[in-house]
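The entries follow in the order in which I looked things up.

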Amino acid sequence: MTRADRVARAFVRYRSARRWGSAERIQRYQRRALRRQLAFLRGHSPLLAERIAGTDLAALAALPVMDRASMMGDFDRLVTVPVTRDQALEFALGHEHSREFSGTLRGLSVGLSSGTSGHRGLFVVSPAERDAWVGAVLAMALPRGRALWGHRIALFLRADNSLYEAVDSRAIAFRFFDTFADLAPQVPDLAAYAPTILVGPPSVLREVARLASRAGVTVRPERVICAAEVLHDDDAAALREAFGVGVIHQLYQCTEGLLAHTCERGTLHLNEHMVLFEREDLGDGRFVPVITDLERRAQPIVRYRMGDVLVASAEPCACGSALTAIDRIEGRESDVLVGTRIGGGSTPVFADTVSRAMVLAEGFDDYTVTQRPDGSLDVALAQPAPGAADAVRRELRALFERLGCEAPEITFLDFNHDVTAKRRRVTRQGEQT
Ligand SMILES: [Zn+2]
């Protein structure tokens, strides 16, 4: 099979909405795929050969949960390809420094992700997996109800350019823009390219919109897809306005997998046709996903605990897909602040509630809230209006008080604008896992 064949096959598999129209069908598919996957891993991963006792859901549930630290620690015995962690790390770091993201190590693509608490994630992907991934992304990204060809896709993502060679053609063209270089001179090129689909992190796309408006050029894609960062409501509103689209799509994708996508209705759906999700329940529909990738084999992802908090929708989506609908991604778990309860104990203060408090306070362009290990908050406001700091202090204190917590000490710092950094607006320091 050629690369293009593999991409096309994955595209067809994931494109059909009807195929994933009932929960029973999805579960049946998952059970079959899990059987195949566990049987393969038992035969090819030295670590999992010792651990996997069967190929059904019960056998899966008996396996220990992995996290980034244990994944890195067990890397050499976990993977099913002849690459060690040190070799892959050296290769990936070399590319990171040269900002040259193509090239393979013994035929494998190697990726590095910045950890949320200082831990790097390292991921290896085989050529077949890479092509299937591109097919899946296209199935989820290309608009329905129009011809599939003629798309020009502009990517403001750090990505492996060779990923898209298989499909780059007159039918679908890709163009990469460099988010590590000055964006201003690239914006006229973007306008001239006239992308039908614009992809990037929300913070970068907002900056692109600002620069386009300043340069007096217009960018009107058919679809805007956010990736690599949590999409906040205010970002979505700003991007809808700036690019003249009704819905901002998301691909919830990280080195651990392609975990969710937005349907035509604008709802985020879990990719349960690729990944099995177990839930660590936090109450009120919130959960931490523990994922098992049903397809990736070079580096198995088996009961891997993500650092994100997801919020399941109470209602199924009207689009007809039975893939679980998600209200929102609340970001990294380390972004959950801790409130000290009056009278003792502590309570989580979710990033989402902090964001809402900040929205209520007004009078600034952007912000970060960082909690120190002693519980105090450092707040940085971008271009604050007079009185903005007082409003923020008031709203944050009100939030903590509503939760029965002591009002935290708040210190205001200068806002440091860095669009290349993976932006986390609400963070907590001192968690070294
Ligand atoms: Zn939907």
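**Conventions.** I worked from a predicted model, in which local features need pLDDT of at least 70 and side-chain atom pairs count only at pLDDT 80 or more, while totals for chains, interfaces and linings use all residues. Residues are numbered from 1 along each chain as its sequence is written, and side-chain values use heavy atoms, with hydrogens and water left out.

**Overall make-up.** I counted 13 helices and 20 strands in the protein chain; these are DSSP runs numbered from the N terminus, helices being H or I of at least four residues and strands E of at least two. Of the 433 residues, 51% count as buried, where buried means under 20% relative accessible area, exposed over 50% and partly exposed in between (1.4 Å probe, protein chains only). I then looked up contacts (heavy atoms within 4.5 Å). Among those between residues at least 6 apart in sequence, 60% join residues at least 24 apart.

**Cavities.** I searched the whole structure and found two cavities of 30 Å³ or more. A cavity is a set of points, on a 1 Å grid over the protein atoms alone, where a 1.4 Å probe fits but cannot get out; lining residues have an atom within 4 Å of a point. Grid points are joined across faces, edges and corners, and a volume is the space filled by probe spheres set on the points.

The largest cavity has a volume of about 50 Å³. I list its lining as Leu 47, Leu 48, Arg 51, Leu 63, Pro 64, Met 66, Leu 78 and Val 302. Helix 3 (residues 46–51) supplies the largest share, three residues. By class, this lining has seven nonpolar, no polar and one charged residues. For the classes, Ala, Val, Leu, Ile, Met, Phe, Trp, Tyr, Cys and Pro count as nonpolar, Asp, Glu, Lys and Arg as charged, and the others, Gly among them, as polar.

The second largest cavity comes to about 30 Å³. Its lining consists of Met 140, Ala 141, Arg 223, Ile 225, His 249, Gln 250, Leu 251, His 261 and Thr 262. Helix 8 (127–141), strand 6 (223–227), strand 7 (248–254) and strand 8 (257–262) each give two or more residues to this lining, and strand 7 gives the most, with three. I noted four nonpolar, four polar and one charged residues here.

**Nonpolar cores.** A nonpolar core is a set of buried Ala, Val, Leu, Ile, Met, Phe, Trp, Tyr and Cys residues joined through side-chain atoms within 4.5 Å. The largest has 61 residues, and Leu 138, Ile 153, Leu 259 and Ile 291 have the most contacts inside it. Helix 8 contributes the largest share of this core, seven residues. I also found a second, separate core of 24 residues, which includes Val 187, Leu 198, Val 204 and Val 224.

**Aromatic pairs.** I found four aromatic pairs in the whole structure. Rings of Phe, Tyr and Trp (its six-membered ring) pair if their centres lie within 6.5 Å; planes under 30 degrees apart count as stacked, over 60 as edge-to-face and the rest as tilted. The Phe 156 and Phe 177 rings have centres 4.8 Å apart and planes at 15°, so this pair is stacked. Both residues are buried. Ring pairs link Phe 156, Phe 177 and Tyr 193 into a cluster.

Methods. On a 1 Å grid over the protein atoms alone, a cavity is a set of points where a 1.4 Å probe fits but cannot get out, and a pocket is an open set with protein on both sides within 12 Å along at least five of seven lines; lining residues have an atom within 4 Å of a point.
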